[in-house]
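Please keep the sequence and the model in view while reading.

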Amino acid sequence: MTPAGQLLAAEIEAQGPILFSRFMDAALYHPEHGYYRRARRQQGADPFGRQGDFYTATQLQPVFGRLIAALCTQWQRQLGLAGAFHVVEWGAGRGEMAEFLNAFHYYPVDIDGGTVPAAFEGVIFCNELFDALPVEAVRVRQGEARVMRVGHHDGRFVWVEGEPLSGPWLPYAVNLCARVTDIREEEEVWLELPIGLESLLASITQPLSRGFVLAIDYGYTEREIIRFPRGTLMAYRRHQALDDVLLNPGEQDITAHVPFTHLEHCAHELGLHTRPLLTLTQLLMSAGETDQFAAALHADDEASAQRLRMQLKSLLFGLGETFRCLVMEKREAPEGS
Ligand SMILES: C[S@@+](CC[C@H](N)C(=O)[O-])C[C@H]1O[C@@H](n2cnc3c(N)ncnc32)[C@H](O)[C@@H]1O
């Protein structure tokens, strides 16, 4: 069993089945054995890229970095900020964006470190941050929503039906479930509760006095939940998507699609203004259209130019329709408030 698995099994032995959010948190972020922590300590355990478990858009450099930098420049002009313009990247991973965002005052932050200016104007950039947040799992059967816990049986982690869902998340689950069962005759519906999303958004946007927050991720709107009657939890290992998120804790990535309607709701609660949700293709087209992608595709020789065109193609056609982009804006508080 994996080291994170041993800890979780002991915890279950001592106190009974645990919440899925606890399982996901330990599997990904246990200080020693969590997937995103272990990766930084053990050579060869890097989750990103060819040798790892998955690619993100960030690995498609330099085109992705150049286009995001172009977008930041557009926003800098829009805000009329000729001077200090900060770009804070939350969930910066391997830090591949540094080369492109260093032209601004760039601050990469991840769970193991990074600093953020106390108050700043500029951009907060999050690529695949919100899909990595621990969620709660819920199963709805015959009209009853129950929390799904994680038990341990015969050396394997297993789902265990827990208590009926109650409290503020119940209406959230009922609403999503109704959208699935009104159209499909599902015997049971699984869904996730994004319990940490609002507090993370609140803490990352707190030091921003004026500017934009860009969240890029895979996800769904409330209307699209119909596509996911079995929920969206997914594990990734060696470039394979796996349904069993309880396997090998600490050694495979666990994600949940981002509920963008809820993210928009949280943004409004925090006083942020949202723009219409875009696909990654739409966002990158708007970043590249001012010069017809000339800067993004600039290269000194034909072989490099061809490689860049392939990267742009992968971004637009490979990831472009799967990934969504939510732009949130923090405006200056009106005088006297
Ligand atoms: C899927 S990876 C994406 C990394 C990078 N943005 C990229 O596109 O390659 C998610 C990253 O978010 C980080 N992360 C998760 N929760 C975080 C938090 N609360 N604060 C900062 N980073 C966090 C993880 O450690 C991980 O590096």
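**Salt bridges in the predicted model**

A search of the whole structure finds 16 salt bridges, a salt bridge being a side-chain nitrogen of Lys or Arg within 4 Å of a carboxyl oxygen of Asp or Glu. This is a predicted model, in which local features need pLDDT of at least 70 and side-chain atom pairs count only at pLDDT 80 or more, whereas totals for chains, interfaces and linings use all residues. Residues are numbered from 1 along each chain as its sequence is written, and side-chain values use heavy atoms, with hydrogens and water left out. Side chains of opposite charge can pair when their charged atoms come close.

- Arg 210 and Glu 121 are joined by a salt bridge between their side chains, with an N to O distance of 3.2 Å.
- This pair links distant parts of the chain, 89 residues apart, since Arg 210 belongs to strand 9 (residues 208–220) and Glu 121 to strand 4 (residues 120–127); helices (H or I, at least four residues) and strands (E, at least two) are DSSP runs, numbered from the N terminus.
- Arg 210 is buried at 18% relative accessible area, while Glu 121 is partly exposed at 23%; buried means under 20% relative accessible area, exposed over 50%, and partly exposed in between (1.4 Å probe, protein chains only).
- A salt bridge also connects Glu 163 with Arg 149, whose closest N and O atoms are 2.9 Å apart.
- Because Glu 163 lies in strand 7 (residues 156–164) and Arg 149 in strand 6 (residues 144–153), the pair ties together parts that are 14 residues apart in sequence.
- Glu 163 is partly exposed, its relative accessibility being 33%.

- The side chains of Glu 222 and Arg 179 form a salt bridge at 2.9 Å, N to O.

**A network**

- Salt bridges link Arg 139, Glu 144, Arg 146 and Glu 161 in a network.

**The surroundings of Arg 309**

- Arg 309 is found in helix 10 (residues 302–319) and is partly exposed, with a relative accessible area of 41%.
- Leaving aside residues up to four places away in sequence, Arg 309 touches Leu 297 and Glu 302, where contact means heavy atoms within 4.5 Å.
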